[in-house]
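Student: Could you take me through one part of this model closely, namely the place where the two chains meet? I would like one connected account that I can follow with the structure open.

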Amino acid sequence: MINTEPWQTAEISCLTRAFPITEPEVVVAAIKRSERPIFVVGHEAVMVDLAGGKPIDYIIQMAESTGAQTVATAHIIGEFVKRGFSKAYWMSIVDVTNRLKDPEWKGLDGQGQYDLALLLGIQYYLGWVALSGLKHFAPHLKTVSLDRFHQPHATWSFPNITIEDWQQQLETIAVELKEK
Amino acid sequence: MEIAIGKIIEEEWAEPMGPTPYPSITTLREWDLKLLKKYKPLYMPYCDVCCLCTMGKCDLTRGKRGACGLDMSAQQSRIVLLACCIGASTHTGHARHLVEHLINKYGPDLPLDVGKSVGIEVEAPITRLVCGVRPRTLADLEDVLDYLETQITHLVASTHTGQEGSELDFESKAFHAGMIDHVGMEVADIAQISAFDLPKADPDAPLAEIGLGAVDVSKPVILVIGHNVPPAVEIIDYLDKNGLYDKVEVTGICCTAHDLTRYNPKAKIIGPISWQLRYIRSGIPDVIVVDEQCIRADVLVEAQRIETPVIASSEKNCLGLVNRTLDPVDEVVADLAARKAGGAVILDPAKVGEVASRVAFEVAPKRTKFKAIPDFAETIREAKKCTQCNECRRACPNNLPIPEAFGEAAAGRTSKLADLYEVCIGCGRCESACHNHIRIHSSIIRAAERKIKEEKYKVRVGRGAIQDVEIRNVGAPIVLGEIPGVIALVGCANYPNGGREVAEIADEFAKRRYIVVSSGCSAMSIAMHKNSEGKSLYEVYPGTFEAGGLVNVGSCVSNAHIAGAAIKIADIFAKRRLRANYEEIADYIHNRVGAVGLAWGAITQKAASIASGFWRLGVPVIVGPHGSKYRRMLLGRRDREEDWYVYDARTGGQVYTGPTPEHLFYVAETKEEAMVMMAKLCLRPNDTTKGRMIKLSNYIDMHRKFYGVMPDDLEQLVRREADIPITMKDEITKILEEKGWQERATPDPTLLPRMIGARKVK
């Protein structure tokens with residue numbers, strides 16, 4: 001049975017709740033349907049060791065396959081550069097949330113607002129309020145939480161899953177995006 | 001003589017009355033809206049509903065309005081206002097109780113003195129600025145408190161169903177609550193400094209001991225917790241008067257501890273707010289005296305587990321205990337010593353002093369430091385009960401890997417449990433969540449026993465105000481930018497990765513010759529780490545308000561001196577009129593004084609109102625990631641050039657300044673991000689080229705050090721070629737050329753049209 005309770009027990013469930021990502025293909029399809037996807041990557045993306053690397057490595061693969069723009073929050077922009085990925089932009093999580101809710105924002109490349117934001121690596125409680133802000137104030141935007149703890153304020157979120165399952169899901173998404 | 005708001009305002013003060021004495025909740029609205037135009041709110045709700053009235057719960061998702069007509073933005077700003085009102089009322093209520101007590105004890109005519117002997121003439125800068133009065137005695141402060149209480153009443157009323165409906169007006173009122181809070185803090189601290197003869201702006205205030213390992217457990221131990229120090233002062237006085245002080249340990253947690261060491265540096269600070277559970281369960285305290293604010297609501301339950309009586313000394317926190325204020329001391333002492341009651345309410349501080357002292361001596365031999373912490377073997381047995389269900393981890397604010405640590409402990413290895421001690425905020429939610437009733441927090445304490453015994457550090461006791469002469473010395477280099485900034489590390493202890501990060505931040509900025517100011521729990525956390533020579537930062541850096549200084553002003557209410565220092569720079573250095581001249585002074589500070597606050601572990605509503613007082617002064621505040629739960633940020637948009645124009649006071653023209661300072665309220669995900677943003681938020685439109693060069697040097701250097709790359713916004717921050725740091729000139733020039741950068745003017749900046757060509761100085 002999938003577990004779609006909020007990971008942190010006192011976080012209040014909400015009326016409009018995320019669709020659980022039961023198969024990684026859900027994410028692949030969402031990215032493929034999107035005209036302007038953006039990855040938003042927090043510092044926890046470099047703190048967790050997965051079998052195939054760190055979460056940031058999977059994001060880089062996804063961004064390279066899709067050409068989606070990528071924001072590094074916190075202090076990890078240098079981690080992208082170290083890995084040879086020089087196309088990431090730095091912006092804080094609250095700055096990027098603030099811009100994503102603005103329909104007039106021209107985007108990082110001046111080409112216009114995004115229609116899909118995929119978040120990974122932000123502290124759970126901070127991601128919670130950022131996703132909630134986007135849910136309420138960015139009707140033009142769909143959101144995906146790529147972390148392993150369920151985020152009900154996203155449009156789609158993984159249920160609460162193990163690290164091993166998380167690694168497999170991220171890998172599948174990265175591989176399928178590359179193949180398609 | 002002039003009559004205003006029913007008060008007689010004395011006119012021996014030569015400075016003429018400014019435009020906004022005793023401002024109402026809308027008097028400064030225009031100023032607030034100017035700030036809010038530049039720093040628009042970003043709302044980040046917890047949930048989808050409002051549940052504050054019986055027409056609800058109302059679904060406010062995605063633009064829906066509730067039954068009362070309020071939308072989600074307004075509801076979030078209403079919550080922000082409520083938080084700020086709670087904070088402001090708490091400091092003001094604290095101040096009221098304190099002033100009433102001091103008047104009873106010392107008389108209404110006791111002169112206010114926060115440092116006359118060191119030349120302080122501006123004794124109450126915030127009160128002068130807001131109210132337009134110059135308080136001379138304790139009695140004068142009562143008039144100020146009357147005003148504050150009226151304002152808080154109106155502010156709370158505006159949150160009632162069917163009142164305010166605009167998010168920006170809620171925000172303006174939140175700013176007002178913050179300003180009121182700052183006055184309340186100032187009243188409290190100048191009253192206690194004057195009456196209790198606390199350090200008076202003394203950069204060489206003595207060093208006191210801090211840490212659980214600093215306590216001599218062979219003696220009876222008294223613990224005081226809270227923020228309102230009179231009962232603790234009476235304990236010291238009773239012990240001193242009876243020649244008993246050397247036979248007992250008086251220890252404190254949270255801001256009462258700060259103020260206790262300001263009164264007597266032989267007292268010992270245990271630690272921040274989060275040290276309550278670990279210290280009580282250690283069994284060391286023989287009697288616990290609580291006053292008000294930030295005290296665990298289960299303190300009585302925890303105290304009963306170690307058979308320690310509790311004395312509740314504040315009307316605001318009676319804990320369900322019987323009021324024994326009017327009973328004979330001998331009877332109360334006998335009952336508490338015999339454990340006939342878990343504790344007592346005693347609302348007379350002098351009586352608290354005697355009862356607490358005598359009970360400590362009577363109880364200590366009976367208790368023999370009875371602990372509520374399992375021994376090592378019990379810890380292992382407890383660990384074996386763990387089913388790895390993860391409920392503790394899910395309850396932990398920091399998502400700490402508790403199950404993993406218990407898995408190791410079950411095999412007899414407790415080092416991972418001990419590691420949790422460093423980052424645990426001591427809330428105890430893990431224990432409440434455990435289905436098997438494992439004493440999780442207590443087990444962590446047992447595992448970390450050796451670390452706890454080594455917790456023994458030095459903290460410079462709170463010095464209070466900043467001297468006028470210090471302001472004269474640093475005013476020019478701060479305003480011109482040659483001192484890169486004033487960094488205020490304030491607030492509570494809900495840290496994402498333990499208190500060490502606050503010490504690391506303080507060290508980084510002090511080394512870089514910023515002025516580092518601290519208060520409250522953050523001031524304690526800074527002390528609780530040693531450098532390679534075994535010294536705390538307070539032993540390394542001077543306590544002077546100067547470049548490279550580390551200045552502990554004191555407790556929560558001492559935060560008023562940080563705002564006061566910014567105000568005094570405008571008044572004493574720039575000679576701007578202070579009296580009831582809020583907008584002009586805030587405009588000056590916002591555009592010229594490179595000050596930034598960091599509340600890395602902000603928890604409370606008081607932290608919200610303190611921050612809000614700084615927002616109205618135009619001073620940016622950064623919070624740690626948990627601060628996102630305040631649900632609203634105030635963010636600038638550096639991509640919107642039109643937001644960054646000011647008036648040039650010399651010409652009246654509008655001049656682009658770049659995003660300086662970029663944000664007013666900002667959450668940082670990591671300490672590295674916080675430090676880089678702090679350096680950046682010290683930039684001000686008024687910086688001289690030399691000053692901007694120094695500030696940019698620090699910003700760029702920290703960006704490269706912590707992010708590993710150059711910043712991407714230099715074209716917005718470099719105004720003229722002379723702003724470019726010399727050692728990075730070639731690299732930066734190349735970047736600027738690639739971005740098509742052009743030189744631009746440095747204005748005499750103001751947001752107030754009335755200041756164009758009209759600057760008034762004293």
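How many salt bridges are there between chain A and chain B?

Tutor: The count between chain A and chain B is four salt bridges, a salt bridge being a side-chain nitrogen of Lys or Arg within 4 Å of a carboxyl oxygen of Asp or Glu. Before going further, please keep in mind that this is a predicted model, in which local features need pLDDT of at least 70 and side-chain atom pairs count only at pLDDT 80 or more, whereas totals for chains, interfaces and linings use all residues. Residues are numbered from 1 along each chain as its sequence is written, chains are lettered from A and ligands numbered from 1 in the order in which they are written, and side-chain values use heavy atoms, with hydrogens and water left out.

One salt bridge to look at is that between Arg637(B) and Asp102(A), whose closest N and O atoms are 3.0 Å apart.

On the side of chain A that touches chain B, at least two residues come from each of α3 (77-82), α4 (93-100) and α5 (124-137) of chain A, helices being DSSP runs of H or I with at least four residues, and strands runs of E with at least two, numbered from the N terminus. The element that gives the most to this side is α5(A), with ten residues. By residue type, this side of chain A divides into 20 nonpolar, 17 polar and seven charged residues, where Ala, Val, Leu, Ile, Met, Phe, Trp, Tyr, Cys and Pro count as nonpolar, Asp, Glu, Lys and Arg as charged, and the others, Gly among them, as polar.

Taken as a whole, the contact, meaning heavy atoms within 4.5 Å, involves 44 residues from chain A and 49 residues from chain B. The area buried between the two chains is about 3,900 Å², and carbon and sulfur atoms give 56% of it; buried area is the accessible area (1.4 Å probe) that two parts lose on being put together, summed over both.
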